[in-house]
Amino acid sequence: MALIQYLTRIQFEAGAVSLLSDELRLLGVSRPLVVTDKGIVAAGLLATVLAKSGLQPDTAVFDDTPENPTEAAAHQAVELFRTAGCDSIVAVGGGSAIDLGKAVSLLTTHSGPLERYAAILGGVDRIGANKPPVVAVPTTAGTGSEVGRAALLTLEDGRKLGFISPHMIPSAAICDPELTLGLPPYLTAATGMDAITHCIETFLSPRFNPVADAIALDGLARAMRWLEIATSNGSDATARREMMMAALQGGLTFQKGLGAVHSLSHPLGGLKSVKLHHGTLNAVLLPAVLRYNAVGSEEKYARIRAAMGLSELADISAEMAKFSQRLGLPATLGQMGVTADCFDQIAQHAVQDHSTASNPRPVSAHDFRQILEDSL
Ligand SMILES: [Zn+2]
């Protein structure tokens, strides 16, 4: 069965953040809780958004989003939502703030522990439409969460789980590439590699959704063309616009299902011993997963090569590793501070991750361990 669903209202242009108040009005709400993080505040981006959007200066703000959003942070934000009398959520930031905003919306009207709504625990059908609207304002170009139906959160016990439902898709996305002009090179590269991974993994997913396939290949070609430019010259407005579109395209496609890179980067991102950035993890894991998935994917690999502008005989895995290196990203998990002692646990969690079912080649815990060792 193929469920193909494109719902999100998107305002996409330089300066689009000025439309935020109008979008809230259209949704019939006026007292948002802004969910963001300290980095966004420190970079002056929150002030920019508040000033340009016409939101009231006394708008309630939760700026304690952790690097990988947690159940505990979601509950804290829900508390603020209630005490401040909010009726909606405006999530300003990268994937973490947007995912947290989605979880806050869920928990304001859905009772019980968050775990109850996790996709792998049968939660998809427990998520209903009766929740306050979320407007997503991405400040990075990578996550695609602004149009995605998933939120990834780390529970109290350390499991990083996906909360997935069409009702989790933000009611509107304000994609303003100007908000990414100040993003530092490393984060530009790492978040951009997340977008690239979304496009590749969803394209390789065996589910039938040619609509998503077409968007994924276009997003991949766009990101391969512009990510190095956006990374080396952050003030290039065209590169920033193109990367924000590539990220959006990645987000529109991953309803088709991701694959083994995300199966591994989800539990690795939940580790408490070391803080690991999602996009950087994907960049490091992608070459080994591309080698693993090459078996049986020859036809699709030919289309990926074409989208990447590579010759017919090029080794996609090796080319992707070189690309990532040119962006200044680490080449191995070891360089990120990961050690092999967590591999058995990560491999077990990866088998259970919701992305594993849509990897083009079946992956066992043993295979995941091998991919981890190849990436060390
Ligand atoms: Zn991702």
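Arg241 is partly exposed, at 40% relative accessibility. Its partner in a salt bridge is Glu242, with 2.9 Å from N to O. Glu242 has a relative accessibility of 10% and counts as buried. The model is predicted. In this model, Asp218, Arg222, Arg241 and Glu242 are linked in a network of salt bridges. The structure holds 15 salt bridges.

Two further pairs link distant parts of the chain.

Glu115 and Arg159 meet through their side chains in a salt bridge, 2.5 Å from N to O. The two residues lie 44 residues apart. Glu115 sits in the loop between α5 (95-109) and β5 (134-138). Arg159 sits in the loop between β6 (150-154) and β7 (160-164). Glu115 is partly exposed, at 32% relative accessibility. Arg159 is partly exposed too, with a relative accessible area of 24%.

Arg326 and Glu228 form a salt bridge at 3.1 Å, N to O. Here the pair links two helices, with the residues 98 apart in the chain. Arg326 belongs to helix α12 (residues 316-326). Glu228 belongs to helix α7 (residues 210-232). Arg326 counts as exposed because its relative accessibility is 51% and the cut-off is over 50%. Glu228 is partly exposed, with a relative accessible area of 29%.

| Salt bridge | N to O distance |
|---|---|
| Glu115 and Arg159 | 2.5 Å |
| Arg326 and Glu228 | 3.1 Å |
| Glu242 and Arg241 | 2.9 Å |

Terms used:
Residues numbered from 1 in each chain as written. Predicted model: local features only at pLDDT ≥ 70, side-chain atom pairs only at ≥ 80, totals over all residues. Heavy atoms only, no water. Salt bridge = Lys/Arg side-chain N within 4 Å of Asp/Glu carboxyl O. Helix = DSSP H or I, 4+ residues; strand = E, 2+ residues; numbered from the N terminus. Buried < 20%, exposed > 50% of the residue type's maximum accessible area, 1.4 Å probe, protein only.
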